[in-house]
Structure formats: C-alpha cells, structure tokens
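This briefing goes through a two-chain structure by topic. Please have the sequence and the coordinates open while reading.

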Amino acid sequence: MASQKINTLSSSKNSTFQKIKNEYFWRTIIIACGLFIILLTLGIGFFLVVKGTGTFIRMHHTVWEFLFSSDWSPFDSTTESGGGVGAAIYIFGSISTCTLALLFVTPFSLASAVLMTEITPNAGVKLFQPAIEIFVGIPSVVYGWIGLTVLVPFIKQLFHPKMGGYSVLAASIVLAVMIFPTITTVSADAIRSVSSEYRKAAYGMGSTRWQVLYKVVIPAAAPGILTGVILGLARAFGEALAVAMVIGKTRAFPADILSPTNNLTAAIASDMGNSANGGEQNLALWTMALLLFIISVFFIFLIHIISGKEKKKHA
Amino acid sequence: MHNSAMKKRIAKAKAVDSVMTKLFYLIGSFFLVFLLVLAGYIIVKGILGFYPELLTFSSKGIGNQFFNTIYLVFLSLVISVPLGVAAGIYMAEYSRDGKFLTFLRICIESLSSLPSIVVGLFGYLVFILLTGAKWNLMAGALAVSILSLPLITTTTEDAIRSLPKGFKEGSMALGATKWRTISKVLLPACLPRIATGVILAAGRGFGEAAALLYTAGQSTIINWSNWDVTSSTCPLNPFRPGETLSLHIWAMRTEGSLNPNAPAIANFSAAVLVIMVLAFSLLARITARRISKKSGGQI
C-alpha cells in the first residue's frame, strides 16, 4: 500500500515536472519564432546593404553619380571597373510611372470607396468586396500579359507612336489597375471607421449627402486614405514583371508619356541573371535593389508617422 | 429677398448632391464591369486557344508547370505556416506591449511591403549563391514563404486577440497551463480564421513570379517515370529547377518566334491562374462564412 502511494506521488511529481518542461519547451519555440521574424527582416536589410554598398565602397562610385547621372555603362566582369553606374533613367522611370498611376487611380479608388461604404453599403459588402478581392488575387504577370497583348497594341493603334505601344502610359495604366484594390479597400476601411455621430451631426444641420462626405467624412478619414495611397504607391514601386512587359526597356529618358523607358525593377529582373556575380554591373543592380528596399521601408515609416499623429490628435 | 437667396443655395446643394451621387455610381459600376470583363476576357481567351496538347506534360503543354506551382506552394506553406502561426501566438500571448513589440510589428509591415523582386534577390543570394546550388524549387518555396509569413502571422495574432476572454479564463480556471490553454483551447477556436489566412496566402503564392525568377528558375525537366527522389528529373525532388505557371507566362512573352504556340500557352496559363485564384478566394469566403455562423451560435 505504502509503496503504491509513494509511486503515485512520485509519478504525479514526475508529470508536474514533465508539464513544466513541456511548458518551457513550447515557450522557447514560440519566442524563437517571434525573434526569427525580426532576424529575417534585419537579415534581408543586412545582405542588401552589404551587396548594395559595394558600388560605392569597392567600385568607388559616388552616391551622387548613382542617383543623378544617366550614364549607365558598367563593366560586366569582376576584374574591370570604371564604367558609369548612373541609374537616373531607371529611377526616373519608376517615379514617373508610379506618379502617373497614382494620379489616374486615386480619384476612381476614392469614388469607389465612397460608393461601397456610404451610398450602397449593402452592395458594397456583397458585390464590391468580393470583386475587389478577386482584383487583388489576379497575379501580376497576368496583368502584364494582358497589358502586352491588349493594351500595348491598343495604344499603338490609337496614337501611332514611333516606337510602338510600349510606353510610360501603358506601364502606368497597368500599375493603376494593380493598385486600385489596395487604395480602395484601405480607404473604404478608413471611411467606415469614421464615427457615425459625425454624420448624424452633419445631416442634422441639414447637409446634403455630398456636403456630409466632402466637408466631414472625407476630411475625417483623410489619414486613413493617405495610408491607402502610400500602400498603393509602395506596391507600384515594387512591381517588376508586369511593368517590365509593357515599358519597352529602352535606356533613355522618356520624351513624353508615349515613349518607352525603363525602370528599377524591370532592369533588375532582366539583367541580374546575366551579370557576373560581384562585377560592376552586378553590384550596381544590387544597389538598385537596396534603393527599392529603402523606399519601401521609408513608406512604412511614413505610414507610422501619419497614424502616430492621428493618435495624438485623439488623445 | 434673403429667403430666395437661401432657397437658391439649397437648390444648388441638392443639384450638386444628385450629380455627385450619379458620378459615384458611374465610377463604381464602371470598375465593377471592368473587373468582370477583364476576368471573363482572360478566361474566355484562354479557353478559345485551347488545344488538347495543352494538358500534356510536354513542352507544348503546361502540365509540368502546373504541378510545379502546386508543389512549390505546398512546400512554402509547410515552411511558413508553422513559423507564422508560432510568431502570431508569440505576438498575441507571450510578448508584452512595448517597444520590442512595436519593433516586431514594424518588421512585419516592412516584410509585407517588400517588393517581391527584392525578396527574390535575397533568396537568390542566400539560397542559391551562398549554398552553391542551381535554381531549385526549395529556394523558390523559401522565397515565397518569406512573402506569405507576414500575412499568416498577422492573421493568427488577430484571430487569437479577437477571441472572447472567457475562452482563456475558463481554461486557466480549470487549472490548464498556458501552453495547454493555447494548444487545446485558443488555437482550435481560431483554426477557421487561420485557415482563411493560409488559403489567401496560398492564392498569392500561385501567382508569384518575380520572387521565383532567380530562385526556382525558368526551366523544368521532369521525367514522370523517374521516382528516385535524389534524381534531378524526379517530379518530387524539391532540389530541381521548377518553373511555375506564372513564370511560364513571363517566359512565353519572348518565345513567340521559337514556339508558335507561345501565345496560346500563355493565354491558357493565365486563364488557369485566374480560375485558381477565383476558386481560392471562394474557398476563403466559405471558410470565413462558416466561422461567423459557428460563432453566431456559440457566443
């Protein structure tokens, strides 16, 4: 009897010990996974910085030259150096297509967001939300393919540009369609989260719906809408293959929106595979990747600054 | 006098209101129609160019690419789901509010907004150049899992945080330990929501191309009678080059002169991708609806 009692006691002690061990084991794993995400992000940043600064440290080019010179003639070998690494054409290509895309799509996104939240909220949930989700899901290569087979010939027929339909215009239209869902969903969320008392107060004063929207709801939702626009811009900056398919990939500043040019992502996508690892061209392409990384982190900080200001205002 | 001026202002405000309302309807319905036309166009055009060899596992068909796409997404989920769910649990249950958690959130946001080509380059550097390997499916899967990690993490965190407090309190009150509470009570309760996130992540993985350009490679040679996993032509070997459907479209754009079927192949691949995306977002919707029904009855 006594020995049995001792036995159960020790076994329960054992199982408590087992439980605690189990508890710590899983706790360690869970914390490790949390830490892993930080390490991964820092790791990506670290590798990009190491590779991307090679142009300046190992090849002795200046940051000024990289950002503002349009002389792109790097050597593609690991021993030679001294070519030009000016990426101004690519940078300008990215900025111009993204800005145009944003100009095209923001009014439409905003109008769609207002329609699906304020005017027909029922259809908004049942019709627009699923439709926009599908928009998000269509792979970017498919957008690029449609741009290549439909939009580019269409522009060629409509305007008869000298270089064919490959153009800044085609790239910005493809980008505009791609970032439409991002801006629309974030703006719709921002409009929805405006307190309904604002609306009631404005309607109570006898405002029409347009007055309520224009004077009260949209200003109140402005920071959220801005966040959506920045997220859309970030997506447009990082888009590679869809743009590469329609931009024409000519190394020249565009004369107008119907001329072809090139951008950061398309240049990386098409040239990285052919360049000798560690060579001047290769390192310059890595610097372009680093620039993209810096831009996307910068956008995130911008969003944090906006939402931080909002919180202060409400507190 | 004063009265009539006021009436004019009111009439003007009403007129502007009705014009703007119509404008909103016009723009909104334009985009709705545009989307339907676009999706319809892609699917119809893909099907119109159909010829039977498209379904074969040869250079004329897309069977190999289709298999690679599914296999790659499967591999990437095997990696990203445990990691993402664990990290989500950490954020919801183990971490304390403060600077560290804020930093972790900024890291996740940065990860989720990283251009996929940059992630692809990182993958190329770490999984291909540093290991000395050739293009392979595993490198592609790792790159795609970096892209889907943020989505799975934030979905898990949100799902756990949105559970009613009673779940945790009840379990703790019965003497369960923290991990037991998480694994036996909290996780099962938010399984459907996590599943929705995973389905969405898978849907994005199918369409990913830029991240795979320099990791999974743009060629594929599969010998379907070879089942020796270590051989480079075995379909199940994760360390062989594996072009996916979306990369195939990218490759087909320049191959018009070499392969007369290139446009038909690209159109059909695009249609298959869009149908897969539609199916997956439908699946995610159904899962999400089930949750709201279930929790509607329980709570």
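Two residues are in contact if their C-beta atoms, placed from the backbone, lie within 7 Å. On that basis, residues 24 or more positions apart account for 79% of the contacts in chain B with a separation of 6 or more. In chain A, 71% of the contacts between residues at least 6 apart in sequence join residues at least 24 apart. The model is predicted.

**Chain A: overall build**

- Chain A holds 12 helices and 0 strands, and its elements from the N terminus on run α-α-α-α-α-α-α-α-α-α-α-α.
- The radius of gyration of chain A is 27 Å, whereas a compact globule of 315 residues would have one near 20 Å.
- Along the principal axes, the C-alpha atoms of chain A fill a box of roughly 100 × 75 × 40 Å.
- Of the 315 residues in chain A, 46% are buried.

**Chain A: domains**

- Chain A is divided into domain 1, residues 2-52, and domain 2, residues 88-314.
- The centres of domain 1 and domain 2 of chain A, taken over C-alpha atoms, are separated by 42 Å.
- Domain 1 of chain A gives 5 residues to the contact between the two, and domain 2 of chain A gives 5 residues.
- On the side of domain 1 of chain A that touches domain 2 of chain A, the residues divide into 2 nonpolar, 2 polar and 1 charged.

**Chain A: packing of helix 4 and helix 7**

- Helix 4 of chain A (residues 88-119) packs with helix 7 of chain A (residues 168-192) at an angle of about 35 degrees, and their axes are 6 Å apart.
- The crossing in which helix 4 of chain A passes helix 7 of chain A is right-handed.
- The residues of this contact between helix 4 and helix 7 of chain A comprise 20 nonpolar, 9 polar and 2 charged.

- A:H160 is a residue other than glycine with a positive phi, near 50 degrees.
- A:H160 sits in the loop between helix 6 (140-159) and helix 7 of chain A.
- A:H160 counts as exposed because it has 10 C-beta neighbours inside 10 Å, and the cut-off for exposed is 12 or fewer.
- A:K249 is not a glycine either, and its phi is positive at about 50 degrees.
- The loop between helix 10 (241-246) and helix 11 (264-271) of chain A contains A:K249.
- A:K249 has 19 C-beta neighbours inside 10 Å and therefore counts as partly exposed, since a buried residue needs 20 or more.

**Contact between chain A and chain B**

- Chain A brings 64 residues to the contact, and chain B brings 66 residues.
- On the side of chain A that touches chain B, at least two residues each come from helix 1 (2-52), helix 4, helix 5 (121-137), helix 6, helix 9 (209-238), helix 10, helix 11 and helix 12 (280-314) of chain A.
- Helix 1 of chain A supplies the largest share of that side, 18 residues.
- The side of chain A that touches chain B divides into 45 nonpolar, 13 polar and 6 charged residues.

**Chain B: overall build**

- Chain B has 9 helices and 0 strands, in the pattern α-α-α-α-α-α-α-α-α along the sequence.
- Chain B has a radius of gyration of 25 Å, well over the 19 Å that the globule rule gives for 299 residues, so chain B is more spread out than a compact globule.
- The C-alpha trace of chain B spans about 85 × 65 × 40 Å along its principal axes.
- Buried residues account for 43% of the 299 residues in chain B.

- Helix 8 of chain B (residues 245-252) is mostly covered, with 7 of its 8 residues buried.
- The buried residues of helix 8 of chain B are B:L245, B:S246, B:L247, B:H248, B:I249, B:W250 and B:M252.
- B:N64 lies in helix 2 of chain B (residues 63-94).
- B:N64 counts as buried because it has 22 C-beta neighbours inside 10 Å.
- Leaving aside residues up to four places away in sequence, B:N64 touches B:F57, B:T220 and B:I222.
- B:N64 and B:I291 are 227 residues apart along the chain, and 36 Å separate their C-alpha atoms.

Terms used: Residues numbered from 1 in each chain as written. Chains lettered and ligands numbered in written order. Predicted model: local features only at pLDDT ≥ 70, side-chain atom pairs only at ≥ 80, totals over all residues. Helix = DSSP H or I, 4+ residues; strand = E, 2+ residues; numbered from the N terminus. Rg over C-alpha atoms; globule rule 2.2 N^0.38 Å. Axes fitted to C-alpha atoms, helices over the stretch in contact; angles between N-to-C directions. Left-handed = near helix turned anticlockwise from the far one by under 90°. Nonpolar A, V, L, I, M, F, W, Y, C, P; charged D, E, K, R; others polar. Domains from an automatic or database assignment.
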